[in-house]
Amino acid sequence: MKLFGIIYMTPRRIQLSIIDLKKLTKVEDVFSNYFSSKNYQYDQNVEEIASSINGYLQLTKDYGVKNVKLWGNQQQLNTISARYLGEQIYIRTGLHIQWLSTSQLTYYKATAITVHLDNFENLSLKSTYLLSLGIERASLSQFDEQKFISTWNIDLGSSHVGEISEALKLSTNDPVEVIEDYIGSKLEHLHHVFPQHMEGSNLVLQDAYALAQKFIPANKSYYTMTTEDFEKIYATVVKSSDQYLMDFFDLDENDIGRIIPYFILINKIIKMIKAKKLIITNIAVSDGLAIERATKTGLMNLDLNGMILTSAENLASRYLTSHAHRQNVSKLALHLFDQLKRIHHLGKRERLLLHVACIVDDIGNYINQQQHYRHSAYILEATRLIGLSNDENQIIAEVSRYHSSETPETDQPHFQKLEPTVQMNVAKLSAILRLADALDDSREQKIKKISVSLRGSTMLIYAYSNQNIALEAWSFKNKSALFKEVFGIHPILKQRRQPK
């Protein structure tokens, strides 16, 4: 067995999963709750958190696990608070924590479902939705024809739906009706997304602890019910007292305030997507993290970048950018990246970030062509692409800002706030993207193939085209200054005719 230890921390609890990476099965799965109030927030007692982690580390030693990693849900923490808490945990446990953003959490949960949910390939031949009930917000992801389609965030999380529920009980005679209206308002932006004629979709439910605990058998990871069966339970739940719900779902008073709001949300989603089948699952973030680890170590062959690139394509299409242009720029930029490995020293993850930037760099044109690159950065700073960390999303925004004419400068506030190593990566990726973008400046894909030759401090790029590329050559000359500044290499463009 190749064992891997995953410690995953949320404001609700700390969980240890010991995974056999060869079989992707859990050898051990334990958790401890450490919240002390109705609001899920990271406990101020860091010693208690560290004690749980150290106990898990001892357990992994007992199992002979050599590799243990720590992750945390960052939804309720800003960057500085997360950094402070991470440092305190490291001092007490020796483990560095990797914080996960909302988009990463959605990505790992979706990845886990595609691998671990039985018959998911056949299930997703028709529209299948994943509803994840997060701490700060819920997310709804769609698969169709066995492909990831899109994901939407819903501003409803366990951190505040309970508070709203409790407050309404004290202030209104019919809190359920008011909660229904409130949740309906949070779903308003999704009504136009789903076709009215759609029927018979599937809804997969994640992080619904009460439902999972009640219905999923001990030896299973999911439970399937018809939406008619769910509606019968729903009709009982919304009319029941807290004490009845506590007994029925075996929950304490800290959790009970969230039951009715979440049942209302699930019921509204079912009606919105016209679902016929509800699949309750306890497949979670840790399962997605294990899949990523198995892929990185070569124990599993799976393309984990598909959802990220699809998310980028969806964003680019929403802002009406040219599909042919972004496809051609991506092809040219990735070719340059691959040919220049010995001078840029960047890895596979940076290659992916470059690819994403190629797709979304022009979205600012939707607002205004003038200084569109700044509008692109603004949109990307406000939009988190699935599967990328907050830092990676920031890199995409910065590379998009600098893909045209603006140059990274140390006195720019948005560039100053980046770590020095991140600044360097932004500069390198921007320099490469600029050259590729210049090679399709006319947006007519005159240059579809290039070759690269490095000769000392000169880089010759041969563009294969039988068309007039004077505009591309002019743009290339103007945009090559950043590349020379970053790498100390002068790019020169030469045209080569192709045999007819």
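Mentor: Buried means under 20% relative accessible area, exposed means over 50%, and partly exposed lies in between. Keep that in mind. This is a predicted model.

Trainee: Then is Glu398 buried or exposed?

Mentor: Glu398 is buried, because its relative accessible area is 0%.

Trainee: Which side chain does Glu398 meet in a salt bridge?

Mentor: First, the general idea. Side chains of opposite charge can pair when their charged atoms come close. Here Glu398 meets the side chain of Arg401, at 3.6 Å from N to O. Arg401 is buried as well, with a relative accessible area of 9%.

Trainee: Where do Glu398 and Arg401 sit?

Mentor: Both are in helix 18, residues 390-401. They are three residues apart, so about one helical turn separates them.

Trainee: Which residues do salt bridges with shared partners join into one network?

Mentor: Lys26, Asp29 and Asp287.

Trainee: How many salt bridges does the count come to?

Mentor: The count comes to 14. Take Asp155 and Lys186, whose side chains meet at 3.7 Å, N to O. Asp155 lies in the loop between strand 8 (147-154) and helix 5 (158-171), while Lys186 is in helix 6 (175-186), so this pair ties together parts 31 residues apart in sequence. Asp155 is partly exposed, at 38% relative accessibility. Lys186 is partly exposed too, at 23%.

Trainee: What about Lys271 and Glu231?

Mentor: Their side chains form a salt bridge, again with 3.7 Å from N to O. Lys271 belongs to helix 11 (259-273) and Glu231 to helix 8 (227-237), so the bridge ties parts that are 40 residues apart in sequence. Glu231 is partly exposed, with a relative accessible area of 34%.

Trainee: Which side chain of opposite charge is nearest to Asp361?

Mentor: Arg443, and it is 6.8 Å away. A salt bridge needs the nitrogen within 4 Å of the carboxyl oxygen. Asp361 is buried yet has no salt bridge.

Trainee: Where is Asp361, and what does it touch?

Mentor: Asp361 is in the loop between helix 16 and helix 17. Leaving out residues up to four places away in sequence, Asp361 touches His372, Ser376, Ser400, His403, Leu433 and Asp437.

Trainee: Now the rings. How many aromatic pairs are there?

Mentor: The count comes to 12 aromatic pairs. Tyr107 and Tyr108 make one of them, with centres 5.2 Å apart and 65° between the planes. Tyr107 is buried at 3% relative accessible area, and Tyr108 is buried at 5%.

Trainee: What are the values for Phe120 and Phe143?

Mentor: Their ring centres are 5.3 Å apart and their planes stand at 85°, so this pair is edge-to-face. The pair links distant parts of the chain: Phe120 in helix 4 (120-123) and Phe143 in strand 7 (138-144), 23 residues apart. Phe120 is buried at 6% relative accessibility. Phe143 is buried at 4%.

Trainee: Which residues form one aromatic cluster?

Mentor: Phe230, Tyr234, Tyr244, Phe248, Phe249 and Phe263.

Trainee: Last topic, the surface. Which residues make the nonpolar patch?

Mentor: Leu320, Tyr366, Ile367 and Tyr378 make a patch of about 500 Å². Patch residues have over 30% relative accessible area. Ile367 is partly exposed, at 45%. Ile367 lies in the loop between helix 16 (348-360) and helix 17 (372-382).

Note on methods:
Residues are numbered from 1 along each chain as its sequence is written. This is a predicted model: local features need pLDDT of at least 70, side-chain atom pairs count only at pLDDT 80 or more; totals for chains, interfaces and linings use all residues. Side-chain values use heavy atoms; hydrogens and water are left out. Patches are made of residues with over 30% relative accessible area and no salt bridge: like charges are joined within 9 Å, nonpolar side chains (Val, Leu, Ile, Met, Phe, Trp, Tyr) within 5 Å. Accessible areas come from the Shrake-Rupley method with a 1.4 Å probe; for residues, only the protein chains shown count as cover. Helices (H or I, at least four residues) and strands (E, at least two) are DSSP runs, numbered from the N terminus. Buried means under 20% relative accessible area, exposed over 50%, partly exposed in between (1.4 Å probe, protein chains only). Lys and Arg count as positive and Asp and Glu as negative; His and the chain ends are not counted. Contact means heavy atoms within 4.5 Å. Rings of Phe, Tyr and Trp (its six-membered ring) pair if their centres lie within 6.5 Å; planes under 30 degrees apart count as stacked, over 60 as edge-to-face and the rest as tilted.
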